Amino acid sequence: MRPQELRCAICGHTKFVCIDSVSFGNWLAIKKNRPVRKDFVFRLKRCAFCGHIVSSGDYSAKNIPLLYPQSGLAISAIKTRPYIAQSVIDYVYPYLKTSDTIHIADLGGADGTFLKTLISYLHARKRAARIIADNYDLRVQRKKGVINFYRCNFNVSTDVRKTIRSFDFGFCIHVLEHLTDPRVFLATLSSNLQKNFRLYIEVPANELLSERFGLNAELIHPQHINMFTKPHLEFMVAAAGLTVIKSRYEANGDIPRIQIVAEKRSDDPGKTIKRFIRYKHSLFEGVAILLMRACRARKKIAVWGVGQNLFDIIKINPAIVRSIRSGDLVLVDLNLSGKIVCGAPVIHPKDIATSGFKIVVLPHEEQTVKSIRSSAGQFGITQERMVYPYKKRNTRFPA
Ligand SMILES: [Zn+2]
């Protein structure tokens with residue numbers, strides 16, 4: 001079987017450049033007093049498009065126990081470093097909602113290590129009357145005290161989907177870097193979350209690695225498949241449909257870390273854009289009505305600006321063309337004067353300086369409106385004759 005093509009978790013591209021390799025081995029058994037060793041080589045590859053670094057090698061199920069010899073599949077950065085839990089709580093505390101019930105999920109639980117600290121912290125501050133705490137661990141399902149334990153493999157999207165319930169807050173601490181496709185994990189999570197759900201994400205900050213941290217952290221290890229930088233992580237979080245509320249580097253312990261609080265928001269940019277287009281359309285409708293009313297009352301009127309706005313307004317009421325042809329509606333434009341548009345000649349502003357009729361300024365961009373206003377003054381057209389139809393704001397922004 002052809003191995004699955006390596007795809008960048010950040011940008012989705014498949015072109016990589018090998019930058020180095022990491023050797024990793026483990027003792028398999030001792031045969032006749034000789035330990036037998038299994039060795040692997042993992043290649044560190046850099047995405048040719050966005051620069052994200054990924055470890056590539058044999059991440060098949062049979063190799064996983066060799067990669068995590070002491071702990072099976074448990075991810076234990078937080079278990080061995082209690083200072084992380086306190087720094088996480090300090091960072092998210094203002095964002096934990098106060099209500100009767102808080103439903104918290106630890107996605108990548110490390111035996112509930114973090115949840116236990118968090119629950120006692122929240123109880124001490126009477127933050128919630130009831131705390132529902134779910135710990136999703138890669139190991140077996142158990143029941144322990146006040147925390148519900150679930151088995152969940154974050155590399156399997158169906159596993160992720162069925163665990164998502166009515167969470168208020170989730171914690172994903174030193175997990176994403178261990179996943180083969182953290183983008184799919186986050187996107188699956190995000191699409192199944194309730195609105196206003198908040199997610200704390202923490203991963204090592206690989207761009208801050210230096211001799212200052214010594215060899216303690218050993219972040220360049222095949223257990224870490226995706227080696228995030230802060231900009232790459234933020235991009236991936238946003239691409240999964242979550243809004244980054246705040247983020248920072250934290251380097252107070254033996255691992256340089258990236259901390260992010262993200263939120264599932266309800267605002268849909270598609271809706272906002274559609275609403276704005278409706279709003280603009282209703283402004284043009286207002287102008288079309290204004291022009292037709294004047295023409296029907298046999299009042300001569302001019303429009304200044306023969307451009308897109310004129311044609312958008314004609315589309316709303318094609319009868320405007322008839323008024324242009326009959327001469328009831330005069331087209332005025334500096335650049336197009338003398339040309340024929342909609343069957344009538346375009347007039348230079350200086351030629352209507354002495355006539356008394358109103359002139360409706362059709363463009364809406366501030367700079368264009370300004371230059372028309374100053375040209376009018378230049379040709380002796382008084383401001384009383386000028387009508388700026390979008391300024392009246394008599395058309396309300398639709399809800
Ligand atoms: Zn990439």
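The domain bounds used here come from an automatic or database domain assignment. On that basis the protein, seen here as a predicted model, is divided into domain 1 (16–63), domain 2 (77–266) and domain 3 (271–387), and the centres of domain 1 and domain 3, taken over C-alpha atoms, are separated by 70 Å. The protein holds 11 helices and 18 strands, and because its radius of gyration is 32 Å, well over the 21 Å that the globule rule gives for 399 residues, it is more spread out than a compact globule.

**Overall form**

- Along its principal axes, the C-alpha trace of the protein spans about 110 × 55 × 40 Å.
- Of the 399 residues in the protein, 32% are buried.
- Among the contacts with a separation of 6 or more, 69% are made by residues 24 or more positions apart.

**Nonpolar cores**

- The largest nonpolar core has 61 residues, and those with the most contacts inside it are F114, C172, I173, I201 and V237.
- Both domain 1 (16–63) and domain 2 (77–266) give residues to this core, so it lies between them.
- Once its neighbours within four places in sequence are left aside, V237 is in contact with L186, I201, L242, V244, I260 and A262.

- Four strands form an open sheet in the order β1-β2-β3-β10, with antiparallel pairing.
- At the edges stand β1 (16–31) and β10 (226–227), each of which has a single partner strand, so one side of each is left without a neighbour in the sheet.
- Strand β1 is also hardly covered, since the count of buried residues among its 16 residues is one.
- The antiparallel pairing of β1 and β2 extends over 14 bridges, and within it K31 stands opposite R34 in β2.
- These two strands, β1 and β2, form a hairpin with two residues between them, and K32 in the turn has a positive phi of about 50°.
- On to the next pair, strand β2 (residues 34–47) is joined by four bridges to strand β3 (residues 53–56), to which it runs antiparallel, and the bridge partner of R43 in β3 is S56.

**Helix α3**

- In helix α3 (residues 82–92), the buried residues are I84, A85 and V88.
- Seen down the axis of α3, these buried residues fall within an arc of 100°, so they line one face of the helix.
- The face turned away from that buried side carries the exposed residues P82, Y83, Q86 and D90.
- The elements that cover the buried residues of α3 include α2 (77–80), α4 (113–124), β8 (169–173) and β9 (198–204).

**The segment after β18**

- Y390 lies in the segment that follows β18 (386–387), and because it has 18 C-beta neighbours inside 10 Å, Y390 counts as partly exposed.
- Leaving aside its neighbours within four places in sequence, Y390 is in contact with L283 and H364.
- The C-alpha atoms of Y390 and L362 are separated by 8.7 Å, although these residues are 28 residues apart along the chain.

Technical notes:
Residues numbered from 1 in each chain as written. Predicted model: local features only at pLDDT ≥ 70, side-chain atom pairs only at ≥ 80, totals over all residues. Rg over C-alpha atoms; globule rule 2.2 N^0.38 Å. Buried ≥ 20, exposed ≤ 12 C-beta atoms within 10 Å, placed from the backbone. Contact = placed C-beta atoms within 7 Å. Core = buried A, V, L, I, M, F, W, Y, C linked by C-beta atoms within 7 Å. Pairing = 2+ DSSP bridges. Arc of directions from axis to C-beta.
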